[in-house]
Amino acid sequence: MTTDPALERQSLRAARIAAALQLADEVRGQFRQAAEHARVDPATLRVLEEPRRVVRAAIPVRMDSGELQVFTGYRSLHNDWLGPTKGGIRYHPGVTEEEVVALSSLMTWKCALAELPFGGGKGGVVVDPQRLSLAELERLTRRMTREFAYTFHPERDVPAPDVGTGEQTMEWIVDEYTRIHGRHEPAVVTGKPVALGGSLGRTESTGHGVAIAAEEAWKRIGGSLAGARVGIQGFGKVGSHAALAFRAKGAIVTTIADVSGTLHDPKGLDVEAVIEHARSNRGLVAGFPGVDATAPESVFGFETDILVPAAMENQLTKQNANDVRASLVVEGANGPTTPEADAILRERGILVVPDILANAGGVIVSYHEWVQNRRKERWTRDDVIRKLEGRMRETYARTRRVSEARGIDLRSAAFVVAIERVANAADDKRVPPR
Ligand code: NAD
């Protein structure tokens with residue numbers, strides 16, 4: 001076992017590169033599998049498989065020590081036929097071009113499926129934000145904004161937070177953008193603080209949307225969500241708000257897991273109390289009074305009706321897919337189910353609501369934020385949540401109709417709906433005529 005931090009960082013990066021390549025392969029596989037069912041000309045499909053443009057930037061930053069460090073940043077603009085490219089910027093030491101490209105293509109399909117006037121984009125900087133001071137992070141973000149100055153634009157490319165970035169990052173981008181262009185333009189990013197034009201309801205939007213998707217899917221399996229038992233893996237921004245939304249709909253959250261362990265109580269956990277406990281326990285659920293936490297990976301083995309993987313990618317694998325004791329899996333995280341696990345769940349008759357449908361609530365409310373900024377309006381939280389609910393239910397219904405009509409699963413149906421919508425926006429300027 002190595003204890004050299006440089007070697008450990010190298011092996012972490014190697015593992016991340018392998019994971020990024022796996023994700024890229026999975027996204028390509030999902031696209032190709034669905035493309036067979038899409039009524040789209042093969043030439044257009046070949047264009048849609050590739051990102052339209054990928055920008056790579058060297059980002060020099062003066063560190064607090066006076067030393068100059070050069071970071072690498074990427075922005076992938078996968079497709080913009082339906083509108084400005086939309087997608088987060090991640091700060092993580094394992095960022096790779098392949099990962100950014102794969103995630104940007106998922107954004108294209110997610111936005112198209114929900115009928116948003118956006119294309120797909122994604123950005124990333126190879127950096128461990130935990131190792132930078134706040135001042136260094138600010139200088140990095142401002143310099144990155146200058147390097148991508150001709151990409152970021154309210155009508156061309158609209159970033160948002162992702163892993164390792166947040167409201168503060170978005171605030172710095174807006175400020176630097178204002179300096180460069182000489183006008184205040186909050187619509188250049190979403191996920192801003194509410195005081196700077198962020199939308200009410202954005203924080204809870206993804207988790208809330210997950211519960212709505214589950215409610216729609218559960219109608220055909222168990223009827224009403226009242227009394228349904230829910231297990232959630234990941235208790236961060238998505239998982240904790242999903243838990244609250246499930247509770248509000250009368251479901252019982254029986255299992256909650258995060259990196260620190262799994263809590264299980266067949267009578268139902270007090271979600272608010274778990275959130276309160278995590279808040280005072282570095283965000284972790286283990287140690288919650290009255291429940292002995294088991295290992296994090298035990299989460300999938302507990303009997304529930306609905307299982308929500310909301311932690312990270314590749315969690316349901318061929319090793320544990322047979323342990324799942326739920327009738328419905330709703331993907332809160334991006335890419336939580338490997339293709340092998342997906343096949344096992346399908347064979348076992350377990351319905352899977354795919355990520356691009358189940359976790360679209362976040363980008364739907366990002367769209368609401370963008371519209372409010374463009375129109376100089378301010379909507380109430382109730383307005384935002386009502387519009388989110390309507391769009392999630394319509395998107396679910398559209399996907400289910402295609403799934404039934406073409407005899408394909410919900411994942412392929414979601415891709416088919418999205419691919420056909422983007423392809424219909426193609427014209428001869430984009431796809432060379434035959
Ligand atoms: P987060 O960092 O706030 O929370 C992640 C949670 O997962 C934490 O509770 C962490 O302890 C837990 N976790 C990590 N590894 C785990 C493991 N191996 N076992 C059990 N728990 C584990 O992140 P988030 O914003 O909630 O995002 C979660 C997922 O949802 C990611 O895949 C993200 O890409 C996706 N997503 C997020 C949003 C959003 O609006 N935040 C929108 C769409 C998709």
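Start by selecting α6 (202-218) and α7 (237-248): each supplies at least two residues of the shell around the ligand. Helices here are DSSP runs of H or I with at least four residues, and strands are E runs with at least two, numbered from the N terminus. Before you click on, know that this is a predicted model, where local features need pLDDT of at least 70 and side-chain atom pairs 80 or more, while totals for chains, interfaces and linings use all residues. Residues are numbered from 1 along each chain, and side-chain values use heavy atoms, leaving out hydrogens and water.

Of the 18 residues around the ligand, Thr206, Phe235, Lys237, Val238 and Asn334 come nearest.

Next, pick out some polar contacts, meaning pairs of N or O atoms within 3.5 Å. Which ligand atom does a backbone N or O atom of valine 238 lie 2.9 Å from? It's an oxygen atom. Select glycine 236 too: a polar backbone atom there is 3.3 Å from an oxygen atom of the ligand. For glutamine 233, look at the side chain, where a polar atom lies 3.5 Å from a ligand nitrogen.

Time for a salt bridge: a side-chain nitrogen of Lys or Arg within 4 Å of a carboxyl oxygen of Asp or Glu. Select arginine 229 and aspartate 305, whose closest N and O atoms are 3.1 Å apart. Arginine 229 is in strand β6 (residues 229-233) and aspartate 305 in the loop between α8 (271-279) and β9 (306-309), so this pair ties together parts 76 residues apart in sequence.

Last stop: lysine 387 lies over the face of tryptophan 379, 4.1 Å from the ring centre. To count, NZ of Lys or CZ of Arg must be within 6 Å of the ring centre and within 35 degrees of the ring normal.

Note on methods:
A residue is near a molecule or strand if one of its heavy atoms lies within 4 Å of it. A polar contact is a pair of N or O atoms within 3.5 Å; within protein, one must be able to donate a hydrogen and the other to accept it, and residues adjacent in sequence count only if both atoms are side-chain atoms.
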